[in-house]
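This briefing concerns the aromatic rings of one protein model. Please look at the sequence and the structure below before reading on.

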Amino acid sequence: MNNKTGKVFHDLMKKGWIDRTENPIAWECFNEEGVEEELKTLGDELNFETYRMGDRIYIVPTQENDLFLKNNVDYRRDIKASSEVRAADLYLLNYLAVYLIYLIYKGEGDNPKCRDYIEKENFVKLFTEHCKEVESKALGEEIVKTDYSENFVQLAKAWLQKPDGKPVDNKALDSKFGIVNKILLKLKADGLFNEKDGNKIEPTRKMNDLMPYFLKKERVAAIQNFFNGEDENATNL
C-alpha cells in the first residue's frame, strides 16, 4: 500500500470523511491512480466501503465490521447512561431512531428526503400514533397475521405507558421526551442529527449525504411498508 493511500485512510478514520475544501491534500491523494483501488482492497479485508457524495468522501463500515461499529457499551456512553440501563430501553431508542429517519426520508424518487426538520412535539405525537396503531393491530382479530412482531408490540406498549415529560431538557428514560432527548445525544454523537432552537430536530449534511447510500430504492420501500403496516416480512428489517 502506497503512502497516499495511507494518508487518505488516516484522514478518513479521523472524522469519518474527507472534504475537498477542508482536506485538499487527502482529496488529491484519493484521486491519484491506484489509491481508490487499494482502499477497496483494504475495505474488503477490514469490512468498510468508501462512498463519494459531492465534494466529500465517506468511510462506511459494513454489517460484518467488528472494528468500527459500536456496541452497547459505546451506545450507553453516547447517551450518557449508566450500565444499569435495560437492553429493552436501548431497543426502544433504536426503534425511535429508525422512525425518525423514516419521517425525514420517506419520500419517493432519487431523493427520499421529504422534510428539512421535525419539531420534538410533532415527533412524539407521530410516534405515539404509530405505537397506538401497532398495539391496536396486535389486539385485533388478525393477531396471528399481524405485520408487527411481538418484540415491536412490546416496545410500542412500553412507549405508550410513559408520560410525556418535559420537552426541552428532560433526559430521563421514564418519559417520552426524555427518550427523545436521549436518542438525540446518540445521533448528535454520530454526527447524524442536530437540535435547532431547542425544539427542532434536523439532519446534518453527513446524514443527507449518506442516505442515498443506505436507502436504496428497495430498502426505502421495505421501511415504508413496515411503518405503514403493509409488509408481512417487516420483522426482518
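Which residue lies over the face of Y117? It is K200, at 4.5 Å from the ring centre; a charge counts as sitting over a ring if NZ of Lys or CZ of Arg is within 6 Å of the ring centre and within 35 degrees of the ring normal. The model is predicted, so local features need pLDDT of at least 70 and side-chain atom pairs count only at pLDDT 80 or more, while totals for chains, interfaces and linings use all residues. Residues are numbered from 1 along each chain as its sequence is written, and side-chain values use heavy atoms, leaving out hydrogens and water.

**Aromatic pairs**

- The structure holds 7 aromatic pairs, a pair being rings of Phe, Tyr or Trp (its six-membered ring) with centres within 6.5 Å; planes under 30 degrees apart count as stacked, over 60 as edge-to-face and the rest as tilted.
- One of these pairs is formed by W17 and Y58, which is tilted, with 6.0 Å from centre to centre and 55 degrees between the planes.
- This pair links distant parts of the chain, 41 residues apart: W17 is in strand β1 (residues 17-19) and Y58 in strand β3 (residues 56-61); strands are DSSP runs of E, at least two residues, and helices runs of H or I, at least four, numbered from the N terminus.
- W17 is buried, with a relative accessible area of 14%, and Y58 is buried at 1%; buried means under 20% relative accessible area (1.4 Å probe, protein chains only).

- Y99 and Y102 are 3 residues apart in helix α5 (residues 87-104), which means a separation of about one helical turn.
- Both Y99 and Y102 are buried.
- One aromatic cluster is formed by Y95, Y99, Y102, F127 and W159.

Note on methods
Buried means under 20% relative accessible area, exposed over 50%, partly exposed in between (1.4 Å probe, protein chains only).
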